[in-house]
Amino acid sequence: MLKTIVFEKLKNAMREKDTLAKGVLTLVKAALDSAEKEKGAALSTEEEVAIVNREIKQTNQALEGAQKAKREDLIEKEEAKLVLLKSFLPAQLSEEEIVTTLTEAGITKGMNMGEAMKIAKPLLAGKTDGGTMSKVVKSLI
């Protein structure tokens, strides 16, 4: 389970006095604990990955804000957070692999975007980020 891995890394970050990792891991652990408590049962791998993806999306937004403000100190911090968060995701597919998977699943030219995404989302959940998935789907339809 991802929660166990996060907790172990959190303990290591505390021992090593790595404040950035400690902060990020504490947030991830809290999000996982909260979702598990809300559900009333253990989270599935897909649900855990969705939570990590949500944290990555928020960090990307913070990174964009830091870049617009030209704050090098914040940019460096957010980029380090992204590296740490992405380490919890399963291996991501390349765009070529996504194209192959989606064409084999029946996504073709002229298809409605909504219909294509209904096929793509379950196939690619946790294997790619939403932006890349949307870009590839748009290029196929």
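This is a predicted model: local features need pLDDT of at least 70, side-chain atom pairs count only at pLDDT 80 or more; totals for chains, interfaces and linings use all residues.

Residues are numbered from 1 along each chain as its sequence is written, and side-chain values use heavy atoms, with hydrogens and water left out.

The protein chain has seven helices and zero strands, with helices (H or I, at least four residues) and strands (E, at least two) taken as DSSP runs and numbered from the N terminus. Read from the N terminus, the order is α-α-α-α-α-α-α. The C-alpha trace spans about 55 × 45 × 25 Å along its principal axes. Contact here means heavy atoms within 4.5 Å. Among contacts between residues at least 6 apart in sequence, 58% join residues at least 24 apart.

Now the packing. Two packed helices are described by the angle between their axes and the distance between the axes. Axes are lines fitted to C-alpha atoms, for helices over the stretch in contact, and angles run from 0 to 180 degrees between N-to-C directions.

How do α1 and α2 cross? Their axes come within 9 Å, at roughly 150°, and α1 and α2 are therefore roughly antiparallel. The cut-offs: angles under 35 degrees count as roughly parallel, over 145 as roughly antiparallel, 65 to 115 as roughly perpendicular, and the rest as oblique. The crossing of α1 past α2 is left-handed; that is, the near helix is turned anticlockwise from the far one by less than a right angle, and clockwise would be right-handed. On the α1 side, the residues that meet α2 include V6, F7, L10 and M14, and on the α2 side they include L25, V28 and L32. By class, the contact has nine nonpolar, one polar and six charged residues. For those classes, Ala, Val, Leu, Ile, Met, Phe, Trp, Tyr, Cys and Pro are nonpolar, Asp, Glu, Lys and Arg are charged, and the others, Gly among them, are polar.

While we're in α1, look at K11, which sits in that helix. K11 is partly exposed, at a relative accessible area of 28%. Its C-alpha atom is 9.4 Å from that of L25, 14 residues away along the chain.

Next, α2 and α3 pack at about 135°, with axes 10 Å apart. That makes α2 oblique to α3, and the crossing is right-handed. V28, A31, L32, A35 and K39 of α2 make this contact with E47, E48, I51, R54 and E55 of α3. That's five nonpolar, no polar and five charged residues.

α2 also packs against α4, at about 55° with the axes 10 Å apart. Those two helices are therefore oblique as well, in a right-handed crossing. L20, A21, V24, L25 and V28 in α2 meet K77, A80, K81, L84 and L85 in α4. The classes here are eight nonpolar, no polar and two charged.

Let me zoom in on α3. At 1.5 Å a residue, its 24 residues, 45–68, should span 34 Å, and the end C-alpha atoms are 35 Å apart, which agrees. For the expected span, you take 1.5 Å times one less than the number of residues. Which residues of α3 are buried? They are E48, V49, I51, V52, E55, I56, T59, L63 and A66, and their cover includes α1, α2 and α4. T59 has a relative accessibility of 6%. Leaving aside neighbours within four places in sequence, T59 is in contact with E78, K81, L82 and L85.

Last stop, the loops. Most residues other than glycine have a negative phi. K17, in the loop between α1 and α2, isn't a glycine, yet has a positive phi of about 55°. K70 lies in the loop between α3 and α4 and also has a positive phi, near 55°. K17 is exposed at 69%, and K70 counts as exposed at 67%.

Definitions and conventions. Buried means under 20% relative accessible area, exposed over 50%, partly exposed in between (1.4 Å probe, protein chains only).
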